[in-house]
Amino acid sequence: MMTFPFLDRQALIQSLLTATGSGCFQLTPSYGLLQPFAANVPATMDVDDSEATPWYRKRHKLEDVSKLFVLTKMIYPKTSPQISPSFFCVAAFPWHLNSLASDALYDISSEKMAEISDKWEKSIQPWIGSVMVGSTGCAWIFRKLGPPLCIKVPRCTDEFVANALGRDVKCVAWALDPTTWTTPLVILAAFGMIFVYNPTTCHILSRLRGHGGEITSIAVHHIHPYRFLTTSRDQTTRLYDLRYRARQSPNNPHWLPSKHPSNAGAGFGLHVTGSEGDGLGRCIGLLAGGLSGGHQAAVLHAAWHPTLDLIATCGADCAVKIWRMPYVDFKKVDVDSEHLAREDKPLFSTNFIHKSRVLSIWWLSRDILMSHSAPALVRGKSVDEMYEEPGIVAAWQWLSFDRFLRNGLKKVMRGACEDWRKSGSFKLLSVYSVPMATPSIHVSTSPTRKHDPLLFVPDGVGIRIFNITRFSHREPPMLPLDEDIHNAEDEDELENLTRAMHLTNEYSDVGEADDAGTAAHVYRRERPELELFEEVEGWIADGRGVSSDAPRLPAELFDIEKCEIAFGGRVILGVGKGGMLCSWKLAV
């Protein structure tokens, strides 16, 4: 009979409050009754895509859509979910015993690989199958063997910053120590700070500052696992490298007419004033925000290109951007004489794809991306009329890839003004609307491109799974008001309809006059996009996918907001409000 581990969240909180030490791991006795959280993965974690069953290409009967993934583990509090700390993010341990020999992985020489192969197996084995989640003031690592580990975030000494940004750990990631190549590291972000921990020795390795706002995402490079990006509400994206230690003093260029180094700080794309922090990690590059070409609002997500040093970002300014990685002179970095590598003009930027803030962006191939936006509030036929459009997921192609990268990356790459400001160099391939309450999506692609890209959409009570290759092409928009122009009854109406034929198709009529007597433009309500859940066949992972003798779980416990596919595509993880963690295993 299937058993589900239960967690007494109140006891957990009490144990955290009574724990001593700042920034250290605490083995919490309240988890004594908790079964070891294992994702039911083999010890070798063989994830060869060529041997995977192509379940994502099969057609399933309607009654079988919820039986593909079986709920195997679930953690939720015994107390009310409304008063329990939530889980904000999830990150599964990304490596296995064969990672060193896998394609498209680490830039390690064959001599170095032979030297560390034995150490690799010894260091990685205890963490295979582990899952890390972020919560309020801490992060948890649920291991395959042994009790969970609690990583307490050090308390912020600045009370104003702590109150403004909070102590929620909303970003977690795994990395590797570049000094040994075999030691897993944990990266957390809270109240605008970055913390790097060693889960093996249970010590904090570094505290890094640099962002002037809340950190919204962390993206670790898949080939160089010591290099990572952080995005923030300060409109910037920062590039960190764990091979170097934090700078203790800035090295900024001088701004004329001054003859001294500038102390403008991080907000102007420079080194922070004073110490950057302590321990491993240094900010070596920055994608600047502002009117020069960067984001003009919070940057919410970033993604590395699968094969090139390109970065895709998205933000609350409704824009998606593609950048080349800032050119870093590592010879100067080695002797601490470098200036911060800074990019302020992307290779591509547009806000024509989405009408509201873009929550996440993902690479599907070398020049095809997918982005997800939140619901949009749109103006209707009158000044007071507003209506809400659902968020969308859009697959689109960047048309200028060959123009910039036919001969590879160069030291200096600059496009025309039309590239970094409202570019039209893209093609919408497929667009679907998602429910209003969709908080996030997750896209899974194979590093070796041997399986189809998959889309995972949490909908509260479960997770919807879609094969992106089944998306249909977006129908071309109708010519502006063909029927209405043909049926126009007078010249005034014809004039207004002709005005609506503007290339941007932003307005279609003249609306009510304002207090000054000026007629306001009325925005034409476009044809709604097709609904993803209705138009595309997919699968569902929820509480129904359990064995017949397993206990039925109350529906109110399911409130999933973030999800991730893990362990070679065999396990789906979901976290949400009230400290809930679910694990589904592939049943075929």
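What pLDDT does the chain average, and what share of the residues score at least 70? I began here since the model is predicted: the chain averages a pLDDT of 77, and 73% of the residues score at least 70.

**Sheet 15-16-17-19**

I turned next to an open sheet of four strands, which I read in the order 15-16-17-19 with antiparallel pairing. Strand 15 (299-304) and strand 19 (348-350) each have a single partner strand and stand at the edges, so one side of each is left without a neighbour in the sheet. On average, and with direction ignored, neighbouring strands of this sheet are turned by 20 degrees against each other. Looking at one pairing in detail, I found that strand 15 and strand 16 (residues 310-315) run antiparallel and are joined by five bridges. Within that pairing I noted A302, which stands opposite T313 in strand 16.

**Sheet 26-27-28-32**

I went through another open sheet of four strands in the same way, and its order is 26-27-28-32 with antiparallel pairing. Here strand 26 (442-444) and strand 32 (538-542) are the edge strands, each with a single partner strand, so one side of each is left without a neighbour in the sheet. For this sheet I noted that neighbouring strands are turned by 20 degrees against each other on average, direction ignored. Strand 28 (residues 462-467) runs antiparallel to strand 32, and five bridges join the two; I also looked up I465, which stands opposite W539 in strand 32.

**Aromatic rings**

How many aromatic pairs does the count come to? I have 15 aromatic pairs in my notes, and I wrote out two of them. F191 and F195 form an edge-to-face pair, at 5.7 Å centre to centre and with 75 degrees between the planes. Because the cut-off for buried is under 20% relative accessible area, F191 counts as buried at 8%, and F195 counts as buried at 2%.

The pair of F348 and F426 is likewise edge-to-face, with 6.4 Å centre to centre and 70 degrees between the planes. This pair links distant parts of the chain, since F348 lies in strand 19 and F426 in strand 25 (residues 426-433), 78 residues apart. I noted both F348 and F426 as buried. I then placed the two in one aromatic cluster, which F348 and F426 form with W396, W398, F401 and F404.

**Charges over rings**

Which rings have a charged side chain over them? I found the charged end of K170 over the ring of F88, 5.9 Å from its centre. I also found R464 over the face of F533, at 4.3 Å from the ring centre.

**H372**

Is H372 buried or exposed? I located H372 in strand 21 (residues 368-373), and H372 is buried, with a relative accessible area of 1%. Leaving aside neighbours within four places in sequence, I listed the residues in contact with H372, among them H354, R357, V358, L359 and S360. The list for H372 also includes I392, V393 and V434, as well as T438, P439, S440 and I441.

How values were computed: Residues numbered from 1 in each chain as written. Predicted model: local features only at pLDDT ≥ 70, side-chain atom pairs only at ≥ 80, totals over all residues. Heavy atoms only, no water. Pairing = 2+ DSSP bridges. Axes fitted to C-alpha atoms, helices over the stretch in contact; angles between N-to-C directions. pLDDT = per-residue confidence, 0-100. Phe/Tyr/Trp six-rings, centres within 6.5 Å; stacked < 30°, edge-to-face > 60°. Buried < 20%, exposed > 50% of the residue type's maximum accessible area, 1.4 Å probe, protein only. Lys NZ or Arg CZ within 6 Å of the ring centre and 35° of its normal. Contact = heavy atoms within 4.5 Å.
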